[in-house]
There are 2 protein chains.
Amino acid sequence: MSPCAPDTLISALSWRYATKVFDPSRKVSDADMKVLMQSLVLTPSSFGLQPYRFLVVTDPELKARLRGASWGQGQVTDCSHLVVFLARQAMTEADVDHYIRRIAQVRGDQPENLAAYRSMMVGTLVTGPRAATVPEWAARQAYIALGQFMASAALLGLDTCPMEGLDPKQYDEILGLNDTPFRTVVACPVGYRAEGDKYASLAKVRFPVEELVEQR
Amino acid sequence: MSPCAPDTLISALSWRYATKVFDPSRKVSDADMKVLMQSLVLTPSSFGLQPYRFLVVTDPELKARLRGASWGQGQVTDCSHLVVFLARQAMTEADVDHYIRRIAQVRGDQPENLAAYRSMMVGTLVTGPRAATVPEWAARQAYIALGQFMASAALLGLDTCPMEGLDPKQYDEILGLNDTPFRTVVACPVGYRAEGDKYASLAKVRFPVEELVEQR
């Protein structure tokens with residue numbers, strides 16, 4: 001038997017919608033937030049490098065400033081927690097070494113035994129032609145996290161709203177990221193839908209499966 | 001109570017790993033594939049535009065050719081189903097109209113009532129400055145699908161391996177995509193791990209939650 005019944009999975013993913021109005025009085029519990037953060041940590045990523053960070057914003061003043069950088073969208077302030085997804089802008093040898101040390105630590109290995117893996121990552125992302133594409137590579141990894149995050153939230157009965165409609169440069173400024181290797185790529189408010197959100201009851205619009213999926 | 005118990009969710013996401021060796025004798029059932037395809041269809045996307053397609057490859061000869069364009073990685077041929085994620089390379093007014101008609105159809109509305117939404121999408125993605133960024137915008141949406149797909153598979157007890165190590169141009173050629181608006185961005189074999197895959201039992205390497213997640 002699968003860990004989750006197929007019907008449960010599909011009904012949770014169908015229940016999910018881009019929440020337009022959150023109930024500002026309802027807060028996600030610490031226990032649920034802990035699960036969501038574990039879900040973020042468990043995201044699969046390229047080489048396992050996890051080239052992202054996640055900011056969980058609850059401070060009302062900070063949320064209000066970020067709302068100003070998000071076309072005034074009310075979800076930013078009315079949600080329980082606003083998760084901002086950051087992507088790394090460059091990879092250095094030090095970043096690779098930091099990861100290699102972590103592998104050795106977790107697996108009780110010696111960093112020297114991971115020299116070939118280290119070289120491969122350095123050659124690809126630090127010194128190779130793909131170094132210039134690191135910001136986009138890292139952004140895509142952050143989007144894997146976003147996908148896993150929204151699915152996880154739905155399975156916990158929590159509402160989300162993926163939000164690309166924001167000014168990343170203003171976010172970076174407000175969040176003080178300009179002196180860090182990370183930049184804002186996308187945000188996702190989480191919380192509970194307000195009873196009056198008319199979008200909750202609209203039929204979900206998707207192209208038919210035969211249009212989106214092709215068997216070969 | 002949440003649709004899925006938090007412990008079940010976290011243990012499924014922890015059980016998941018980038019499967020290196022699939023058991024070629026085990027096939028994912030049609031029922032499970034149907035659920036996975038629904039999960040792909042239900043992916044949240046920017047404006048709801050679903051600027052992606054998914055190819056589900058099972059033909060052994062085609063898999064063999066794709067393996068040659070994937071650094072020879074055995075997962076491509078040994079998996080049960082290989083899902084190839086495609087992203088749209090440009091958005092036209094006709095594409096937006098097609099989506100608008102679908103909204104009207106699903107919600108029993110008239111396309112004319114959606115004129116403002118149509119204008120906004122056209123202004124952003126067809127005629128606006130962001131038109132040039134459509135390939136990357138669409139690729140990111142495909143990565144949301146990838147994240148939701150891998151989480152869904154884990155919840156169904158199915159193994160996956162996200163695969164960026166492929167030559168997209170060769171894939172496009174082999175799959176005959178060059179005359180379509182879509183191009184390969186990433187692939188994901190799905191199936192069952194082989195008993196002998198030593199990676200299955202290695203400790204999962206992640207940075208500590210305090211390093212990846214910051215509260216504000």
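Analyst: In this predicted model, the axes of helix α1 (residues 6–15) of chain A and helix α7 (residues 134–155) of chain A come within 8 Å and cross at roughly 105°. α1(A) and α7(A) are therefore roughly perpendicular to each other (65 to 115 degrees; under 35 is roughly parallel, over 145 roughly antiparallel, and the rest oblique). On the α1(A) side, the contact uses Ala12(A), Leu13(A) and Trp15(A); on the α7(A) side, it uses Ala151(A), Ala154(A) and Leu155(A). By class, this contact has six nonpolar residues, with no polar and no charged ones.

Some terms first. Axes are lines fitted to C-alpha atoms, for helices over the stretch in contact, with angles from 0 to 180 degrees between N-to-C directions. Contact means C-beta atoms, placed from the backbone, within 7 Å. Ala, Val, Leu, Ile, Met, Phe, Trp, Tyr, Cys and Pro count as nonpolar, Asp, Glu, Lys and Arg as charged, and the others, Gly among them, as polar. Helices are DSSP runs of H or I with at least four residues, strands are runs of E with at least two, and both are numbered from the N terminus.

Residues are numbered from 1 along each chain as its sequence is written, while chains are lettered from A and ligands numbered from 1 in the order written. Local features need pLDDT of at least 70 and side-chain atom pairs count only at pLDDT 80 or more, but totals for chains, interfaces and linings use all residues.

Now the interface. 62 residues of chain A are in contact with 62 residues of chain B. On the chain A side, α1, α2 (30–41), β1 (52–57), α5 (93–107), α7, α9 (209–212) and β5 (213–215) each supply at least two residues. α7(A) gives the largest share of that side, 13 residues. The side of chain A that touches chain B divides into 38 nonpolar, 14 polar and ten charged residues.

How are the two copies related? The same surface serves both: 100% of the contact residues of chain A recur in chain B.

β5(A) and strand β1 (residues 52–57) of chain B pair in the parallel sense over three bridges (strands pair if DSSP finds at least two bridges between them). Val213(A) stands opposite Phe54(B) in β1(B). Phe54(B) also stands opposite Phe85(B) in β2(B). β1(B) and strand β2 (residues 81–88) of chain B are antiparallel, with six bridges.

The open sheet holds five strands in the order β5(A)-β1(B)-β2(B)-β4(B)-β3(B), with mixed pairing. β5 of chain A and β3 (159–160) of chain B are at the edges with a single partner strand each, so one side of each has no neighbour in the sheet. Helix α7 (residues 134–155) of chain B lies across β1, β2, β3 and β4 (182–191) of chain B, at about 150° to β2(B).

Eight bridges join strand β2 (residues 81–88) of chain A to β4(A), in antiparallel fashion. Ala87(A) is opposite Arg183(A) there. Strand β3 (residues 159–160) of chain A is antiparallel to β4(A) too, with two bridges. Asp159(A) has Gly191(A) as its bridge partner in β4(A). Nine of the ten residues of strand β4 (residues 182–191) of chain A are buried, so it is largely enclosed by the rest of the structure. Buried means 20 or more other C-beta atoms within 10 Å of a residue's own, exposed means 12 or fewer, and partly exposed is in between, with C-beta atoms placed from the backbone.

One loop residue deserves a look. Gln50(A) lies in the loop between α2 and β1 of chain A. Its phi is near 50°, a positive value in a residue other than glycine. Gln50(A) is buried, with 24 other C-beta atoms within 10 Å.

Notes:
Contact = placed C-beta atoms within 7 Å.
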